[in-house]
Amino acid sequence: MILRASAFGQHLALDGQAWHELRPLEEHKLGEHPTCELEVRDVNADGRVEILVWGHAGASTDLLHIFAWNGTSYALLAPFEGEAGVRLENADGDLADEIAVGYDAGRDLVWEAVYTWHEGSYGWTWERYSWFYLARPHVYRADSPKHAV
């Protein structure tokens with residue numbers, strides 16, 4: 001699999017001998033930088049191989065676009081954008097990765113919305129606080145009811 005951006009703003013994936021257009025959302029396309037990361041695997045354990053395109057926009061916004069073959073072309077399954085990161089994790093052990101989208105919650109905290117694959121699409125599952133930086137030690141915030149929970 002090869003990913004290529006053309007001079008005309010098209011994003012193309014080479015699959016075998018054929019080029020297929022990838023159509024991301026308009027706002028950031030696949031990212032504001034000339035390079036992006038590419039993964040090809042069954043990320044949601046639905047039996048189909050997906051194309052995951054990781055991009056970046058602005059100072060710290062991460063983008064993830066997930067495409068899958070629909071029989072005639074690669075269709076966008078889901079776009080994710082997180083100002084404090086986007087990452088994959090298998091939190092429940094079901095072999096399907098959940099998508100954690102981070103938002104800056106201030107005071108070294110990130111508010112993460114976690115999306116799970118269910119019946120053909122990604123949907124919000126739960127939310128949680130996390131640390132913006134991995135530096136140790138962390139002091140647990142309890143300065144408000146919101147942070148105490």
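**Notes on the predicted model**

1. Strands β4 and β5, the latter covering residues 50-57, are paired in the antiparallel sense over 5 bridges, and within this pairing L38 stands opposite V53 in β5. This is a predicted model, and the points below should be read with that in mind. The pair belongs to an open sheet of 4 strands, arranged in the order β4-β5-β6-β7 with antiparallel pairing. Because β4 (37-41) and β7 (74-82) stand at the edges and each has a single partner strand, one side of each is left without a neighbour in the sheet. From one strand to the next, the twist in this sheet averages 20°.

2. As for the chain as a whole, its secondary structure comes to 1 helix and 11 strands, and reading along the sequence gives the pattern β-β-β-β-β-β-β-β-β-β-β-α. Of the 149 residues in the chain, 34% are buried. The accessible surface comes to about 9000 Å², and carbon and sulfur atoms account for 54% of that area. When contacts between residues at least 6 apart in sequence are considered, 31% of them join residues at least 24 apart.

3. β10 itself is mostly covered, since 7 of its 10 residues are buried.

4. Which residue of β11 is the bridge partner of T116? The partner is G123, while T116 itself has its place in strand β10, residues 109-118. With a relative accessible area of 15%, T116 falls under the 20% cut-off and is therefore buried. The side chain of T116 makes a polar contact of 2.5 Å with the side chain of T125. Once neighbours within four places in sequence are left aside, the residues in contact with T116 are E98, S121, Y122, G123, T125 and W126.

5. D97 deserves a separate look. The side chains of D97 and R41 are joined by a polar contact of 2.8 Å. Leaving aside neighbours within four places in sequence, D97 is in contact with R41, V43, L88, E89, N90 and Y122.

6. Charged pairs come next. Side chains of opposite charge can pair when their charged atoms come close. The count for this model comes to 7 salt bridges, one of which is formed by E39 and R41, with the closest N and O atoms 2.8 Å apart. Both partners are partly exposed, E39 with a relative accessible area of 26% and R41 at 28% relative accessibility. R41 is also the residue whose side chain makes the polar contact with D97. Another salt bridge is formed by D46 and R48, whose closest N and O atoms are 3.3 Å apart; here D46 is partly exposed at 27%, and R48 is partly exposed at 32%.

7. What links E89 and R128? These residues form a salt bridge in which the closest N and O atoms are 2.8 Å apart. Because E89 lies in strand β8 and R128 in strand β11, the pair ties together parts that are 39 residues apart in sequence. E89 is buried, with a relative accessible area of 14%, whereas R128 counts as partly exposed at 23% relative accessibility. Through salt bridges that share partners, R87, E89, E112 and R128 are joined into one network.

Technical notes: Residues numbered from 1 in each chain as written. Predicted model: local features only at pLDDT ≥ 70, side-chain atom pairs only at ≥ 80, totals over all residues. Heavy atoms only, no water. Polar contact = N/O pair within 3.5 Å; in protein donor to acceptor, adjacent residues only side chain to side chain. Contact = heavy atoms within 4.5 Å. Pairing = 2+ DSSP bridges. Helix = DSSP H or I, 4+ residues; strand = E, 2+ residues; numbered from the N terminus. Axes fitted to C-alpha atoms, helices over the stretch in contact; angles between N-to-C directions. Buried < 20%, exposed > 50% of the residue type's maximum accessible area, 1.4 Å probe, protein only. Areas by Shrake-Rupley, 256 points an atom, 1.4 Å probe, with all protein chains shown as cover. Salt bridge = Lys/Arg side-chain N within 4 Å of Asp/Glu carboxyl O.
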